[in-house]
Amino acid sequence: HSEASLGWGGQEHRVLAELTGFRKRGAWVALLAPENSEIFQRARVNGIKVQILDTRKFRYPFTALRLKRWLRANNVQVINTHSSRDGYLVGTAARLARVPLLIRSRHIDVDYPNPRISRHAFTTFADHVLTTSEKITGHLKSTFRLQDDHVSTVPTGIDGARFALEAPKADLFENGNPDQHPVVGMVSVLRSWKGHPVFLEAAKLLKARGIKACYVIVGEGPMRESVLQKISEYNLSAETSLTGYREDIPEVLRALDVLAIPSTCHEGIPQIGLQALACETPVVGSDAGGIPEIIRPGETGRIVKAGDAGQLADAIEAALTETGASQQMSKNGRELVERQHGLEHMLDRLENIYSRHLSESDC
């Protein structure tokens, strides 16, 4: 796998999950990534073979030739690229090295202002494309006129044992939650399109209605100061905890009465949504991207229009007060994850795709 991103979010979690999963199945695996990236450090700690990826543009030809030699020396059969820069750079090296199978993974849904140029990322530099949601798959097919057999939707798999129902809960408040109010939370990187302002506006509306609740925002990112400003502007400091980055996500989800996913755009199938369903935590999500593919209205959760704080407030209130319906939806969500979104299910599907293409190439 190759990954040019320096951050640590759902995409990078997925890459590491695939690497560790296939290593357990007996495959030789390695990661190409910048040395100062979070995934490089985490892969190395987890015993994954790592190779430094120099993504500086002026070094592109030299890096591609060096990678070509590395790919041949290690007899690499499958390359899976995940971001734009490594997609072109490692894709070039893979073509030069005649790697039998070049995969391009797409984790988020974005627009392509220059489709004639962008198309090369999913054709010239990809024998097959993987996406995390049907929404992304449909967008790629229509934009670049890709054939059905050129694209596969494989959502990220969840480790059901790690996200068990009966296990400890996290303490999300510095001084505890002495009034034992319901806890409504967001768990995501603090990015502009994740919908934190919408979430906080919904919290303000709920407070004005007299709904007693506490609010938790878990994660770090470039929008931290903006989030803090909104908390102060909406007079929510007493009710809201901004925890920063946490590793204990199963414990966090079990401590929530409702998880909100108010993303405004770009989403594939968010891992946090699947993780919450596995924990039977009630979920309220927006209709952005692939969220409704797992948060199915009235079946596994509640869906609102992206960017609509009023609808989000209504849905959160319903999730807190209509407890019987919320519990049934949560139970349905757990069953959906067990049936279609387990970690081994994801690895099985990927292995089938890899094996089919390698067989066709007579590798």
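A cavity is taken here as a set of points, on a 1 Å grid over the protein atoms alone, where a 1.4 Å probe fits but cannot get out, and its lining residues have an atom within 4 Å of a point. Grid points are joined across faces, edges and corners, and a volume is the space filled by probe spheres set on the points. The model is predicted, so that local features need pLDDT of at least 70 and side-chain atom pairs count only at pLDDT 80 or more, whereas totals for chains, interfaces and linings use all residues. Residues are numbered from 1 along each chain as its sequence is written, and side-chain values use heavy atoms, without hydrogens and water.

One cavity of 30 Å³ or more was found, and the largest cavity holds about 40 Å³ of space. Its lining consists of Arg14, Glu18, Ser105, Arg106, His107, Leu130, Thr131, Thr132 and Val154. At least two lining residues come from each of α1 (10-24), β4 (101-106) and β5 (128-131), where helices (H or I, at least four residues) and strands (E, at least two) are DSSP runs numbered from the N terminus. The lining comprises two nonpolar, four polar and three charged residues (nonpolar: Ala, Val, Leu, Ile, Met, Phe, Trp, Tyr, Cys and Pro; charged: Asp, Glu, Lys and Arg; polar: the others, Gly among them).

Helices α5 (residues 115-122) and α6 (residues 134-144) pack with their axes 10 Å apart and at an angle of about 125 degrees. In α5, Pro115, Ser118, Arg119 and Phe122 meet Leu140, Thr143 and Phe144 of α6, contact meaning heavy atoms within 4.5 Å. Four nonpolar residues, two polar and one charged make up this contact of α5 with α6.

Methods: On a 1 Å grid over the protein atoms alone, a cavity is a set of points where a 1.4 Å probe fits but cannot get out, and a pocket is an open set with protein on both sides within 12 Å along at least five of seven lines; lining residues have an atom within 4 Å of a point. Axes are lines fitted to C-alpha atoms, for helices over the stretch in contact, and angles run from 0 to 180 degrees between N-to-C directions.
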